[in-house]
Protein chains: 2
Amino acid sequence: MRQKPTLKIIAKELDVSVSTVSKALRDSKEISDETKEKVRAFAKLYNYKPNNIALSLKNKKTKTLGVIIPEIVHHFFTTVISGIEDYANSHGYNVIVGLSNESFDKEVINLEMLANGSIDGFIISVAKETLALKDYHHLFETIDQGIPIVMFDRVLDEIICDKIVVDDIATSRKAVQKLIDSGAKKVGIITTEDYVSVGRLRTKGYVEALQFNNINLDENLILKIEDNNKPQDELLHLETQIKNYLKHNEIDAIFAVNELYAITAMKAARELGYSIPQDIQFVGFTDGVLSKHAFPPLTTVSQHGKAMGSQAAKLLINRLESTDETEDENYKTVVVETDIIERETTLNSNES
Amino acid sequence: MRQKPTLKIIAKELDVSVSTVSKALRDSKEISDETKEKVRAFAKLYNYKPNNIALSLKNKKTKTLGVIIPEIVHHFFTTVISGIEDYANSHGYNVIVGLSNESFDKEVINLEMLANGSIDGFIISVAKETLALKDYHHLFETIDQGIPIVMFDRVLDEIICDKIVVDDIATSRKAVQKLIDSGAKKVGIITTEDYVSVGRLRTKGYVEALQFNNINLDENLILKIEDNNKPQDELLHLETQIKNYLKHNEIDAIFAVNELYAITAMKAARELGYSIPQDIQFVGFTDGVLSKHAFPPLTTVSQHGKAMGSQAAKLLINRLESTDETEDENYKTVVVETDIIERETTLNSNES
């Protein structure tokens, strides 16, 4: 059976990365002439033409938006997609979704595949591996091809395009302020290691909120969970780490940078005999199904995934349908507002 | 800006359904000659050629699988996708996902769009509306075009293709048997109205398990929740309905056909002063994040979404890569085994 060779097959045969093949075919300066020659020879052998369909479809619109997300078993990303769908559908656009699974190669392959005439523009949240590698050539080149991109959540300063973000620092400040206003004296944070940007930014917001309230920072109250990418092990590990942290510190409130950390910490606190919220209060970040159905229901920061999705679709469709040639320069960054959803893990605010 | 007119635009202009346009363009006998003429005239006016790219790409393989699911904010479907991804990626295939949002029109449009040369085959779970309309022409025609389909979860007897299913009746019997073996005398079921096939089949399994154990059926112990498609209202409604049901019946165990019903019933039972599992035991269907992190953690039936996904991808890729011409006739239905995951809402079995 004849197959259309993909970037991946060529990469495998030459024992180079997908990124190298992609760059070589686009005549990138980063790639040696020798490698370019080899890649071109293979591409020719296989009759592989990047974006051959796209060329034939030039100016032909598909009325389809391509969405590329890092993960699908993740409430936040699925709510963003549902927001994109709602807006796109009511404006005559269809949506197809590709997954990077946090892999750089998969992100490059997905962009390449969908840019082949299947979609008019992209909405994308980049993979962790892409952030780590800092290799953004696939995004630059997609934009150069004339295909607009809207980035959300994990956005890059280096890419000039429309963006939808949450202000992580301001939102964290708001969450910690809520705990302080509700009478907490010793507020801890359960966060990620610093290399995960959302964890780093949310920790920064926590520190700023303490400063604003003239509370001295106690480094022991900052618990950084290691993300070892092994879901089951991680879970055990997580519980043990949090229990030790609670045992060795006097804490009357916890801000957790995601709902899993918050739920796990609530379980550990219950097992240690704490009453929630009388002895210890909790606020989580990201309002998912876990928060809503937790026992007791968890007070959280809502990231408004649906709103982010519909804003992203709106920016992209406006750009696709704009007839204003000067629009090109006029990229927007929309900061989506967050709210505190008060449930039963916090006390009433003293100030209210 | 020139746009490629979609089925939807033609349907809108002629004030007929997408299904009618799709059928007319394929010269279906169900459509009057007059309508066909009008549709063709519009299609010609817009220079619309169904599957024009597909024709030009004949025999060209994309190494991409198209997945069409009814809903994305749904743990089961996202785990199925992650199973499809794992298998497909490790076999050199990419995956793109389209959503029907339970709408027949969107399902037709997604199939049409992706069949235009973007994918080699489909994995699909049909929309509720398609089931209600019993209009399957888009599936028949996709298969006729030579594009293989694998159906999962919501499958149709009328479509001859590879299928992946869970045996709902046998699984429910297993769940109810677990409760009886753990000492329950009055087992109730919280289920859906009968028009939802999974609810109907799971209720059938419940009834069979009682019969098998010579327990008389008490119709009052079957609570059928009305699905009114208004999430927030539904939730309140759900809690009230379940509380009334618990108040007016002596029940010492509940089998719930999904985890939301189970979690809501546990909350209601706690509020009525029951101890879980001493006074009342619970088993849920579908093992999602809610079950794992419930208080106490919920004993559930695992549907093994990941296994279903990887089985579906395997069947599809085998068919795509098969060189055996007789394979065509040899469609398989794979029944994925389910397990009971014992957590803390059930007592130890008497028999264990």
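Begin in chain B by selecting strands E7, E6, E8, E9, E10 and E12, which in that order form an open sheet of six strands with mixed pairing; strands (E, at least two residues) and helices (H or I, at least four) are DSSP runs numbered from the N terminus, and two strands pair if DSSP finds at least two bridges between them. This is a predicted model, in which local features need pLDDT of at least 70, side-chain atom pairs count only at pLDDT 80 or more, and totals for chains, interfaces and linings use all residues. Residues are numbered from 1 along each chain as its sequence is written, chains are lettered from A and ligands numbered from 1 in the order in which they are written, and side-chain values use heavy atoms, with hydrogens and water left out.

At the edges of this sheet, E7 (222-225) and E12 (339-341) of chain B each pair on one side only. Next, select E10 (residues 299-302) of chain B, which pairs with E12(B) in the antiparallel sense over three bridges; there, B:Ser302 has B:Asp339 in E12(B) as its bridge partner.

Then turn to the open sheet of twelve strands, whose order runs from E11(A) to E11(B) with mixed pairing. Strand E11 (333-336) of chain A and strand E11 (333-336) of chain B each have a single partner strand, so one side of each is left without a neighbour in the sheet.
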